[in-house]
Amino acid sequence: MGVKALLSKPLAAYMHRKHQNWIDNPVEAQQTIFKHILKKAQPTRFGRDHGFASIKSHADFVKAVPVRDYEGLKDYIAQVKQGEKDVLWPGKPLYLAKTSGTTSGTKYIPISQDSISNHINGARDALLAYVYETGQSQFLDGKLIFLSGSPILEEVGGIHTGRLSGIANHHVPGYLRTNQLPSYDTNCIEDWETKLDQIIEETIDQNMTLISGIPPWVQMYFDKLMRQTGKQIKDIFPNFQLFVYGGVNFEPYRKKLFESVGKQVDSIELFPASEGFFAYQDKQGDSGLLLLLDSGIFYEFIPTEEYFKENPTRLTIGEVEVGVNYALVISSNAGLWGYSIGDTVKFTSVKPYKLIVSGRIKHFISAFGEHVIGEEVEKAMKLTMAKFSNVELIEFTVAPYVSQSHGQSYHEWLVEFARAPHNMDAFAEELDEQLQKLNSYYYDLIKGNILKHLKITPLPPGTFREYMKSQGKLGGQNKVPRLSNDRQLADGLLAITNS
């Protein structure tokens, strides 16, 4: 065992004891964060505009600070981008994280000197939690890879600006830099396909022990490696021990990815975003992610059925319940206030507070009043695939098809299979039945002959990749929306197949 692996064990034990303080006192930890960030932001423009000096309680905060998405904060962020100080948080942000929005175009999310540790330490602590639980630390002596965006930063208003994964690349601890692949120069390549070829060249003969990235892009990396070598990943990287991922639900990709590896490896799910690092999986046998309650972020939770109301209920951590879907709202030491990040979560435990990411608040289908959400379509697909063991999935998305003729509308599932079912009609029938069981509104529409049963449209290999490439979103942290309430994505995919 090398020095890094050896030293990680006492550090993991120390961090476990440290975290236990806020895990055992979650409400108090959140109240401390709440008071601290409000006090520090009082002199800012946002703090003055919203009377932070007069806020004494969460109820006061709810009255003073409405829930906003990026559009609601855009005027303040515009001032930040012009180089003004003390707008959302004291001073200027250390960075602006540049991210693509589905409705807002390019978004610029502030990261302050105070909040950068949240992004960096979250990933570190996830690995240390794994070491503490399993006792496995040998992976720290091998080569580690994170399939990320470019670390090249531009300047906006005198502030370093770039993709979050590129920003994080500048903060990899020195003791891990000698292990990190690919090289800095390769990470700087913008074209994903060119970059992937170079990553393969740099890693194919290395002792890769940890691989991290968004599952569909990791799968693309594995596919190229296997085509080039004719071997499974376990034979290319025999010491590959740990897969770290986040950003999308892993379940639709799990089977194919682990079949590519050729053996079972441990995995850790993370819940990172440009707005903050929120949670990580701290137990191998538990899919719930430990919510970080002492990391500069104050959380609020809106029941999803109330989200679009004028004055929705805004719950704090001590008021949430297991099994309820909530829209996640944050206020942070980066200067985000009452900010809806767009994700929905569902708690699996409150002792400690653990959750799963259940979908996106704006990614749903309700063209006919069914309000089908991402969690439901992914679970329906998972349950169906379990009954058709020969099926392998690459990617899928769901969109409504609206007909002018009564009873002729349906949900269209555009699916790229690695291995298609032998009987597509039976697969579609089972998928439809599973979705009816998961969503009572969808069931009623089917039984009432308002909707036809769903239709599966198989897509040729590479369709999703070509579509993402055409949108300039190939690789990195870009994700395919699981659901749409319109036909834009579906028509774009179909245009590729017909070209």
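This is a predicted model: local features need pLDDT of at least 70, side-chain atom pairs count only at pLDDT 80 or more; totals for chains, interfaces and linings use all residues.
**Exercise 1. Identify the buried residues of helix 18 and the elements against which they pack.**

Solution. Helix 18 spans residues 488-498, and its buried residues are L489, A490, G492, L493 and L494. Buried means under 20% relative accessible area, exposed means over 50%, and partly exposed lies in between, with a 1.4 Å probe and protein chains only. Helices (H or I, at least four residues) and strands (E, at least two) are DSSP runs, numbered from the N terminus.

The next step concerns the neighbours. The buried residues of helix 18 pack against strand 18 (392-401), strand 19 (410-419), strand 20 (455-458) and helix 17 (463-470); contact here means heavy atoms within 4.5 Å.

Residues are numbered from 1 along each chain as its sequence is written, and side-chain values use heavy atoms, with hydrogens and water left out.

**Exercise 2. State the strand order of the open sheet of eleven strands, and name its edge strands.**

Solution. The order is 6-3-7-8-9-10-11-15-14-13-12, and the pairing is mixed. Two strands pair if DSSP finds at least two bridges between them. The edge strands, strand 6 (180-181) and strand 12 (297-303), each pair on one side only.

Strands of a sheet pair through backbone hydrogen bonds, either parallel or antiparallel. A parallel case is strand 7 (residues 208-212) with strand 8 (residues 242-246), joined by three bridges. Within this pair, S212 stands opposite V244 of strand 8.

**Exercise 3. Describe the pairing of strand 10, and explain why it is largely enclosed.**

Solution. Begin with strand 9 (residues 266-273), which pairs with strand 10 in the antiparallel sense over four bridges. F271 stands opposite A279 in strand 10. These two strands form a hairpin with two residues between them.

Continue with strand 11 (residues 289-291), which is joined to strand 10 by three bridges, again in the antiparallel sense. Here Y280 faces L290 of strand 11.

Finally, consider burial. Strand 10 covers residues 276-281, and because six of its six residues are buried, it is largely enclosed by the rest of the structure.

**Exercise 4. Characterise the second largest pocket by volume and lining.**

Solution. The space in this pocket is about 430 Å³. On a 1 Å grid over the protein atoms alone, a pocket is an open set of points where a 1.4 Å probe fits, with protein on both sides within 12 Å along at least five of seven lines; lining residues have an atom within 4 Å of a point. Grid points are joined across faces, edges and corners, and the volume is the space filled by probe spheres set on the points.

The lining has 23 residues, and P216, M220, I394, E416 and R465 lie nearest the centre. Helix 11 supplies the largest share, seven residues. Elements giving at least two residues each include helix 10 (192-203), helix 11 (215-229) and helix 13 (251-261).

By class, eleven lining residues are nonpolar, three are polar and nine are charged. Ala, Val, Leu, Ile, Met, Phe, Trp, Tyr, Cys and Pro count as nonpolar, Asp, Glu, Lys and Arg as charged, and the others, Gly among them, as polar.
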